[in-house]
Amino acid sequence: MPTDDETQQRRLTGIGVSPGRASGPVVAMPDPVAEPLAGATLAPEADLDQAAERIATAALSAQTDLEQAAARASGAAREVLETTAMMAADPTLVAAAQQLVRETRLVPARAVWQAAAGVIAQLAALGGYMAERTRDVADVRDRVVAALTGQAPPGVPHSDHPFVLVAADLSPADTATLDPDRVVALVTRDGGTTSHTAILARALGIPAVVGVAGATTVPPGTLVLVDGAAGTVTLDPTAEQVAQAAALAARVRTFDGAGRTSDGHRVPLLANVGRPDGAQAAADAGAEGVGLFRTEFCFLDRTDAPTIPEQVAQYRQVLAAFSGTKVVVRTLDAGADKPLPFLMTAAEPNPALGVRGYRTSWRNPEVLEDQLTAIAQAAQAETADVWVMAPMIATVPETTAFVERCHAHGLATAGVMVEVPSAALSAGQILRHAAFASIGTNDLTQYAMAADRMLGELAPLSTAWQPAVLQLVAATCQGGVQNDRPVGVCGEAAADPALAVVLVGLGVATLSMTARALPDVAAVLGSVTLATCRELAALATGADSAEAAREAVRSRLPVLDELGL
Ligand code: PEP
Ligand code: MG
C-alpha cells in the first residue's frame, strides 16, 4: 500500500531502457552553445587589443577546465578530454580569431566562431588523421565561446556529488565523457529503446528512462528516484523509497558462466563487444563467448580505410580475450547511425534504407576483401573459434556471395545477420547456405515497424515486444530448425530479461548482450523451465500490442520484482 506521502508524489513516466533504481539530485545538461550573431561588431570606441586578449584568456580557461576534467576522468573519457585539451592549447585558433578582431572588428565570440570554421575547413581538406580532428576543434570553439559569453560550457557538467543527469538527449560525444561513478541515473526527454543513450546506459549499468515528457522542466537540484525497469521518475521520493533503492543497488549479482533454464536447457549467454578494449571485461563478467563484435566501432571517424595490419591488431585483442571460445565477428556495418566516412559517399535521402551494411561491398568490394583477409590472419594467430557474419543481408544471393567470399579466405563458419524482414521470411532458404543466423532485433524492429530507431517520438513502435517482430523471430527460428542451423539474437532485446525468456521460447539458441546484462538475464532465465518459456512466447506473439505482450509476460515472472528488474 502506498503511504500518503507516496500518493501525493509527482511521477513522470517514460520508457525504462536500463534496469535498476537510483536516486539523486537532478543536474541538467546545458543547452548547446548558440552560434554568435553573424556580423556582430565591436563599438567604435572599443579597445581591439583588449578584445583580442579576452580570446586568449577564454581559451586558457577552456584548456584548464579540460585538463582538470581529464585528471578527474579515467579510461576512454580521459583520452577524449586530453585530446580536446591539447587542441585548446594549440595557438592556431586563438591567433586566427584575434586577427579577425583586429582586422574586421568582429566581437570576440563571433571571431572565434568564424576562425574555427576556417580551421575546420583546412583540416577537412587535409583528410586522414587531420580530418578526424574537426570535431575536437568544434568542441574547443564551443567552450571558448561559452567562456566569452557567460554560457555554461558544453558537455556533462562536473559535480562533486553523485547525480541524476537529465537531458533533452545525449550525443555520442557527450556520453564519451560520462563518469559512471558520478552519474547514478540517466533521464532523457527524447530517445527510444535503441537510442545511443539507451545502449550506453545498459553498457555502463546505469538505470535509465528515455522519452520522458517534461523531463527538462524538472528544476535542477530536485531529488528524484529513477526506476529504469518501470520507466518512472519520482520527484521528491520518501526516505524509505531512497533506502530501498540503495539496498537493491548494493546487491551484487554475478553470472556463473553457463546460461540455462531451471530445467537445464542450455542457452549460452554471449557478449556484444564494440571497442576491443572492452573484450576482457566481457570475458571477466563470465560471457560464454562473443555473439557480436561490432568491428565498425574500431574505425568510426576514419576517413580512409584501415590497413590490414591495423585491423589484425584490433581483432586479435578481442580474440585473445576469448581463447578457445566462440567469437562472432561482424563485418563492417556502415551507414545511417554509424557513419564510416571511407565507405560512404553521396548523401542519401533515406540513409537507413540506403547503401549500408553488407551493401557497401557492392561499391567497395576491396574493403570487404581486406577485412576478411584481416579476420583470417587474426584467427590464425589466436585460438578463438572465429565465426563471421555480414550485417543487413536481405536475400539468398547476397548470402551465397558472402559465404563464398568467407570460404575463399579460409573462414569456414560464415553466417548472416537477420535484420531485414525479407531475410527473416526467407530464413528457410538463407540457412541452406549460411552456417548460422544472428537476429539484430534493433534493425529488424526498425524495418518491420517502419520506425526510425533514432526517433524518440516513435519509441512505442520501436520495441521488439511488438508481436509482429516476435513473429519474424519465430519465422527465422523455423528456418533454423528446417536446416539444423543455430539462430541467435544479438540485438538489445536479448538484454531485456523478460524478453530474453520469450526469445528462448521462440527457439533462439544463444543470446548476446552487453556484458552488464549477463547476471540479470541469467537469473531470470534460470527461474523458468523451457516449457514456461514456450508458453510465454506464445502469449507474447499472440498479444494485441507490444504493451499487452510485455505486461502479460512480466506479470508471470515474479522474479523480476524480487530483483528490481
Ligand atoms: C541490431 O540491429 O540489432 C544489431 C545488433 O546491430 P546494430 O545495433 O549494430 O545495428
Ligand atoms: Mg543492426
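Q: Which residue of β8 is the bridge partner of T13?
A: The partner of T13 is T232 in β8. This is a predicted model, in which local features need pLDDT of at least 70 and side-chain atom pairs count only at pLDDT 80 or more, while totals for chains, interfaces and linings use all residues; side-chain values use heavy atoms, with hydrogens and water left out. Residues are numbered from 1 along each chain as its sequence is written, and chains are lettered from A and ligands numbered from 1 in the order in which they are written.

Q: What makes β1 and β8 a pair of strands?
A: β1 and β8 run antiparallel and are joined by 3 bridges, and because two strands pair if DSSP finds at least two bridges between them, the two count as paired. Strands here are DSSP runs (E, at least two residues) and helices are runs of H or I of at least four, both numbered from the N terminus.

Q: Why are β1 and β2 said to stand at the edges of their sheet?
A: The open sheet has 8 strands in the order β1-β8-β7-β3-β4-β5-β6-β2, with mixed pairing. β1 (11-13) and β2 (15-18) each have a single partner strand, so one side of each is left without a neighbour in the sheet.

Q: In what order do the strands of the barrel close, and in which sense do they pair?
A: The 8 strands close in the order β9-β10-β11-β12-β13-β14-β15-β16, with parallel pairing.

Q: Which strands does helix α14 touch?
A: Helix α14 (residues 365-381) packs on the sheet and touches β11 and β12, where contact means heavy atoms within 4.5 Å. The direction of α14 makes about 165° with that of β12, on a scale from 0 to 180 degrees between N-to-C directions, the axes being lines fitted to C-alpha atoms, for helices over the stretch in contact.

Q: What makes E419 and D443 ligands of the magnesium ion?
A: E419 (OE) and D443 (OD) coordinate the magnesium ion (ligand 2) at 2.0 Å, and donors are N, O and S atoms within 2.8 Å of the metal (3.2 Å for Na, K and Ca), although sites may look incomplete because water is not among the atoms. E419 lies in the loop between β13 (414-418) and α16 (421-425) and D443 in helix α18 (residues 441-449), so the pair ties together parts that are 24 residues apart in sequence.

Q: Why is E419 called buried, whereas D484 is called exposed?
A: Buried means under 20% relative accessible area and exposed over 50%, with partly exposed in between (1.4 Å probe, protein chains only). E419 has a value of 2% and is therefore buried, whereas D484 at 70% counts as exposed.

Q: Why are the buried residues of α22 said to line one face of the helix?
A: These residues are L530, C533, L536, A537, A540 and T541. Seen down the axis of α22, they fall within an arc of 130°, so they line one face; the arc is that of the directions from the helix axis to the C-beta atoms. On the other side of α22, E535 and A538 are exposed.
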